[in-house]
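Dear colleague,

Please find the structure below for your records. Notes on its salt bridges and on one strand pairing follow.

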Amino acid sequence: VSSNVFNEVAIEGSMLQLDNISLTGIVNQPAQLNGNFENWTTVDIETPKNWIVEGQEENKPIKTTDKYKGNYAIKLESYLSVDGSFTKVEESTISTGYYTPTGNEGGFPFSNKNDTLIFWYKYTTPGNSKATIDFTLKKEGNIVGGKRLELDPWNTNYKYVSFPIDNGFGPNPDTIIVSFSTLRNDLDRTNLSNAG
């Protein structure tokens, strides 16, 4: 790694270059090592513009033509993750923001105290999970409001959702972050049937 990952210290501008990696105890180097970095694989990855996606590499969001409107929709899937001897379910997410060690950043300009976010969704689960949508309102980098809504399974036609944004007596925000997730909580992560 190019910074001190063990202490979660990322130093901007750090750079690491490697070449000619080999094992000294064998005569013929394993082809899989590719220690001279001469063999490369071209990978084309599509991601939706202005959205940040998180999920396992093979479970990256999928552009699908099973849409409500327009040409495409996005499909997110939960997946199994193994950490040592512990297996759990991980969610896939799409968001207009991203997490840092100091909080949730990103989003886009938004100054309404009251509004409504509308969308259409389908959600299937082999387990008993629910999907979620969250919005976070920020002003000058500080959280001033937010709300979460759980989405029930709905696997027939797309379902319409009207999600009110109401900051009550809070200040007018300057930023909104909108996030969708395939799981709702840590309990959903322990039920392995929620994968997929």
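In these notes, buried means under 20% relative accessible area, exposed means over 50%, and partly exposed lies in between (1.4 Å probe, protein chains only). The model is predicted, so local features need pLDDT of at least 70 and side-chain atom pairs count only at pLDDT 80 or more, while totals for chains, interfaces and linings use all residues. Residues are numbered from 1 along each chain as its sequence is written, and side-chain values use heavy atoms, with hydrogens and water left out.

A salt bridge is a side-chain nitrogen of Lys or Arg within 4 Å of a carboxyl oxygen of Asp or Glu; the structure holds 10 of them. One of these joins Lys138 and Glu105 at 4.0 Å, N to O. Lys138 lies in strand 11 (residues 131–139) and Glu105 in strand 8 (residues 103–106), 33 residues apart; strands are DSSP runs of E, at least two residues long, numbered from the N terminus. Glu105 counts as partly exposed at 27% relative accessibility, whereas Lys138 counts as buried at 6%.

Asp188 and Arg184 form a salt bridge at 3.0 Å, N to O, and both residues are buried. Glu91, Asp186 and Arg189 are linked in a salt-bridge network.

Strand 4 (residues 79–83) and strand 5 (residues 86–90) run antiparallel and are joined by five bridges; two strands pair if DSSP finds at least two bridges between them. Tyr79 has Glu90 as its bridge partner in strand 5. In this hairpin, with two residues between the strands, Gly84 takes a positive phi near 65°.

Methods. Helices (H or I, at least four residues) and strands (E, at least two) are DSSP runs, numbered from the N terminus.
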